[in-house]
Amino acid sequence: MDIPIDFDRITRLFETARSEGRYFLYEYEVYRLLACSGAETPPKNHLLTRGERFSDEALTALPGDRSVLKIVSPAIIHKTEVGGVRIVEKDANKIRSTVRRMFYEVPEDYAAWVRDQELAGPYRGLTGKALVTAVARDIKGVLLVQYMPPDSQAFGNELIVGLRHTREFGTILSAGLGGTDTELYARRFRKGQAIVAASTAMEDGPGFFQLFRHTISYRKLAGLTRGQRRIVTDEQIMECFESFVRIGNFYSRANLEAPFIIEELEINPFAFTDYLMVPLDGLCRFSLPKKQPGQRPVAKIDPLLHPESIGIIGVSATRKNFGRTILDNILAEGFDKDQVVVFKKDKDAIDGVRCLDGLAGLGKDRIQKLDLFIVAVGASQVPDLVEEIIRRDAARSVMLIPGGMGETKESQDRARQVVEQIHAAHALAGGGPVFLGANCMGVISRPGRYDTWFIPDEKLPKVRKKGYHRSALISQSGAFMLHRTHQSPFLSPAYMISMGNQTDLTLGDMVEYFKDSDRVDVIAVYAEGFTDLDGLAFCRAVQGAVLAGKEVVFYKAGRTPEGKAATGSHTASLAGDYMVCESSVSQAGAIVARSFTEFQDLMLLAETLSRKTIQGNRLAAVSGAGFEAVGMADSIQSDDYSLALSRCEDTTWQQVAQVLKNKGLSSLVTLANPLDINPAADDQAHALICEILATDPHVDAVILSLDPLSPAMKTLDSTTVSAFDMHRRDSIRQLMSDLVQKTDTPVVTVVDGGRLYDPLRDALMAAGVPVFQVCDQAVAALALYIQGRLRADAIRSGAGLIT
């Protein structure tokens, strides 16, 4: 897309503002910026400064029969609310009179408007006349603007477009319903209907336009609603988005050559007249670039996860402290005792593991340099220990277990000291070690044969050396990971990694590592926050993992929108922290969970269905209970997902009808989707009908409720009644275990019953059959999973590729 953007002139605008001691542009300067952007030309305008005399010709020089007068002040962002925007007849005397009134009325109206709000900056603590005087002092003038009548005053015919720099994801572009009520629209409409947002580093203009096409704003502008007509072309909107994307990327912290950083650039609104996009208001804040820390040597994640040698400090010789429990768990997992060393003064060995007095002893030991060094001492000892590790080049990777490393205000100085030491090491030849943590539970690496969790077996019994899935669970919270895997033991990932405070290694680093790993097909991530620009790095790694054929499941904690109190702009309020995160990560190809339970469900489906083929969202549902059939039909639509009930071929229904006839159920069952096959249907009927539906070319997935309480079903573990015995060869347990192995269509089951049926659920899960306890939970999880798989397939095919 050929858009001639004059970056030199835009940079000079910022330089001029900075030379005047300000890091914002006035509205007329924003219009100059837009004139350099290669997109739509802003309206003609002229600044009228206080005390300056203007001729009649100057006041009436703009085209049209009316003029717009707008107050120009760094403090007054919402001009309309304080009388800062007025439309007058294009008459020199009327313009003069209005300008004079505005210089006096607007400060008074502003002071009254903010009476119940907390003032920031230079106005903090001011009230009454003092506030009015201060506001009047800061008014630069009144902007005389060409009046361009909009084509329509109807709802939805104004557009907001904004850039905002975020600490985690870099520059974000957002667009949607504009005007003074834009925040109300964002709250009242369904997600993605009023506003959309994306990372400028991950989307281009045409790609962002495809997101925008799903909004109410686009439908209004394109004349797709009743009584509306198109007022702008798709090409104009696309060029506007592309221009904003390029400007956002040029003036971004992600661009190491950026002369300035755009913190915020917002046009609210663009109006439309005779197929012209007319900016009616704009703001821009900018800052200077900051020095970025050096690159982390992320290749050293491999010895962290697959060490040949491990050292531990903080092991008690007399009690089960954290360090001693970690040592126990490492040995219990089967790690070679001869490749483990404990650093403990005046001790020869603990539990048969040799001890060294300190790091200086490594030069005399068979282990010259540790692959992994686990630090389980008090936080106060960490800075000096980190310095020694780096100075002696003692380890390739370090795991910092202790808390008290930045979580509280009191520990922030200690954490800052450690971070500075680590960054300095990364700048040296070889890059120094990588650090995991601090405040982390460590790692369980099944391929690496070790476990550093400090939970004793009495509290968390583990089945050692059992099979595991080709998945990695990466969690910022060790407790979250602990509870999720304890509640759902069948998740059983190959790797469980507690990231802690991300003092060094980040979530983005870990996904970057696993995207290229040949040991993992599924990456599941629980995040509470990202370090600077690591949200962007994370999204790029997610996209890389998806392109490599992997599946990524994601949950973000902390959903409070940011910036509403910190800025007066609409952009920050509309595209808050969680919305930006969810949009960016899902557009990169991850499947985003909305709750802890959903995270577990999606991870389970990813582990069990990743090798199944999904071609669409057409569902066939079967149950022997009428309420479940209705419940599944009711659950296929929501604000976040959509499934369609498949229309099966006639031959499919004929085969189903034959099964029902053979079982004597024809008179009790109506052929429909969802299919209520009656509680009298036995194990074989369930399995046969499921298999028939799974082979229909119009069915993309099947949900089958197994009706555990039905007397016709073999669903009990311990029973003297053979007809109820789930261990029989003709039981639903065995039939479904066989079926999921041979069908390429995803099959999900529901066992809606009490704890009596836990053995059935466990047996099915052990055989690779995903099981849910409630049908609507199964539908929601499967719908989100299918939606994520289809989005990932689009990215891989190039149709949804983020550029």
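Predicted model: local features only at pLDDT ≥ 70, side-chain atom pairs only at ≥ 80, totals over all residues.

Colleague: Let's start with helices. How are two packed helices described?

Modeller: Two packed helices are described by the angle between their axes and the distance between those axes. Take α15, residues 507-515, and α16, residues 534-547: their axes come within 8 Å and cross at roughly 15°. That makes α15 roughly parallel to α16, since angles under 35 degrees count that way.

Colleague: Is the crossing of α15 and α16 left-handed or right-handed?

Modeller: α15 passes α16 in a left-handed crossing.

Colleague: Which residues of α15 and α16 meet?

Modeller: On the α15 side you have L507, G508, D509, V511, E512 and K515, and they meet D534, F538, A541, V542, G544 and A545 of α16.

Colleague: Now another pair. At what angle do the axes of α4 and α5 cross?

Modeller: Helix α4 covers residues 92-113 and helix α5 covers residues 128-138; their axes come within 8 Å and cross at roughly 130°. The two are therefore oblique to each other. As for handedness, α4 passes α5 in a right-handed crossing. P107, E108, Y110 and A111 of α4 meet L131, V132, V135 and A136 of α5. The residues of that contact divide into seven nonpolar, no polar and one charged.

Colleague: On to charges. How many salt bridges does a search of the whole structure find?

Modeller: The general idea is that side chains of opposite charge can pair when their charged atoms come close. Here, searching the whole structure turns up 41 salt bridges. One of them joins D413 and R416, whose closest N and O atoms are 2.6 Å apart.

Colleague: Where do D413 and R416 lie?

Modeller: Both are in helix α13, residues 412-426, three residues apart, which is about one turn of the helix. D413 counts as exposed because its relative accessibility is 54%, and R416 counts as partly exposed at 43%.

Colleague: How far apart in sequence are the parts that E691 and K742 tie together?

Modeller: E691 forms a salt bridge with K742, with the closest N and O atoms 3.3 Å apart. E691 is in helix α22, residues 683-694, and K742 is in helix α23, residues 732-742, so this pair ties together parts that are 51 residues apart in sequence. E691 is partly exposed, with a relative accessible area of 29%, while K742 is exposed at 57%.

Colleague: And which residue does D738 meet in a salt bridge?

Modeller: Its side chain meets that of R729, at 2.9 Å from N to O. D738 is partly exposed, with a relative accessible area of 31%, and R729 is exposed, with 55%.

Colleague: Which residues are linked in a network of salt bridges?

Modeller: You can find E27, K70, K79 and D281 linked in such a network.

Colleague: Let's look at the backbone. Where should I look for a cis peptide bond?

Modeller: Check omega. A cis peptide bond joins N268 and P269, with omega about 5°, and P269 sits in strand β9, residues 261-273. Another cis bond joins G437 and A438, where omega is about 0°. A438 lies in the loop between β18 (434-437) and β19 (443-445).

Colleague: What is phi for N439?

Modeller: Phi of N439 is near 55°, a positive value in a residue other than glycine. N439 is also found in the loop between β18 and β19, and counts as partly exposed at 35% relative accessibility. Q502 has a positive phi of about 55° too, although it is not a glycine. That residue, Q502, is in the loop between β22 (493-498) and α15.

Colleague: Is Q502 buried or exposed?

Modeller: Q502 is buried, with a relative accessible area of 5%.

Colleague: One last residue. What is S586 in contact with?

Modeller: S586 has its place in helix α18, residues 577-587, and is buried, with a relative accessible area of 15%. Leaving aside neighbours within four places in sequence, S586 is in contact with V592 and R791.

Terms used. Residues numbered from 1 in each chain as written. Heavy atoms only, no water. Axes fitted to C-alpha atoms, helices over the stretch in contact; angles between N-to-C directions. Helix = DSSP H or I, 4+ residues; strand = E, 2+ residues; numbered from the N terminus. Parallel < 35°, antiparallel > 145°, perpendicular 65-115°, else oblique. Left-handed = near helix turned anticlockwise from the far one by under 90°. Contact = heavy atoms within 4.5 Å. Salt bridge = Lys/Arg side-chain N within 4 Å of Asp/Glu carboxyl O. Buried < 20%, exposed > 50% of the residue type's maximum accessible area, 1.4 Å probe, protein only. Nonpolar A, V, L, I, M, F, W, Y, C, P; charged D, E, K, R; others polar.
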